[in-house]
Amino acid sequence: MSFTDQTLVCRDCNQEFTFTAGEQEFYASRGLTNNPSRCPSCRSARKSSMGDRSRSSRGNDGGYREPRQMYTAICASCGNEAQVPFQPREDRPVYCSDCYQPRTSSSRGGDRRSRW
């Protein structure tokens with residue numbers, strides 16, 4: 001596929017900008033089908049203003065959501081209180097982050113027959 005430079009108009013500042021053949025090739029390689037609607041300076045300004053918000057609270061659609069509900073549980077290994085993002089069940093052990101890390105790293109390299 002052959003790309004040629006295109007002149008586009010920024011939706012924010014209404015100035016013309018060039019969407020180069022190289023940029024078009026990059027977009028195509030990433031599977032992006034829409035042309036940019038903002039010039040590079042407006043795009044940069046928008047990215048920096050979006051960086052002021054907490055990216056961890058952004059959903060897949062770019063919107064913002066409430067923080068995840070956390071539940072209190074007692075660690076099955078050390079007995080300390082732990083905060084977990086799921087409702088603990090009586091029939092399954094829950095581990096605090098300190099006890100969980102060693103369990104997951106040791107299970108990756110060793111016996112893979114069963115995690116339970």
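Visitor: Which strands pair here, and in which sense?

Guide: Welcome! In this predicted model, strand E1 (residues 6–9) and strand E2 (residues 16–19) run in the antiparallel sense and are joined over 4 bridges. You can pick out one facing couple yourself: Thr7 of the chain stands opposite Thr18 in E2.

Visitor: How many residues lie between the strands of that hairpin?

Guide: There are 6 residues between E1 and E2. While you are looking at this hairpin, find Asn14, which takes a positive phi near 60 degrees.

Visitor: Now the rings, please. How many aromatic pairs are there?

Guide: The general idea is to check how far apart two ring centres lie, then the angle between the planes; an angle over 60 degrees counts as edge-to-face. Here the count comes to 2 aromatic pairs. Phe19 and Tyr27 make one of them, with 5.1 Å from centre to centre and 75 degrees between the planes, and it is edge-to-face.

Visitor: Why is the pair of Phe26 and Tyr27 called edge-to-face?

Guide: Try the angle again. The planes of Phe26 and Tyr27 stand at 70 degrees, with the ring centres 6.5 Å apart, so this pair is edge-to-face. Ring pairs therefore link Phe19, Phe26 and Tyr27 into a cluster.

Visitor: Where is Gln24 found, and which residues does it touch?

Guide: Gln24 is found in helix H1 (residues 21–29). With a relative accessibility of 7%, Gln24 counts as buried. Leaving out residues up to four places away in sequence, Gln24 touches Phe3, Thr4, Asp5, Gln6 and Phe19.

Visitor: What does the side chain of Arg38 make a polar contact with?

Guide: Its partner is the side chain of Asp12, at 2.8 Å. To find Arg38, go to the loop between H1 and helix H2 (40–51).

Key: Residues numbered from 1 in each chain as written. Predicted model: local features only at pLDDT ≥ 70, side-chain atom pairs only at ≥ 80, totals over all residues. Heavy atoms only, no water. Phe/Tyr/Trp six-rings, centres within 6.5 Å; stacked < 30°, edge-to-face > 60°. Helix = DSSP H or I, 4+ residues; strand = E, 2+ residues; numbered from the N terminus. Buried < 20%, exposed > 50% of the residue type's maximum accessible area, 1.4 Å probe, protein only. Contact = heavy atoms within 4.5 Å. Pairing = 2+ DSSP bridges. Polar contact = N/O pair within 3.5 Å; in protein donor to acceptor, adjacent residues only side chain to side chain.
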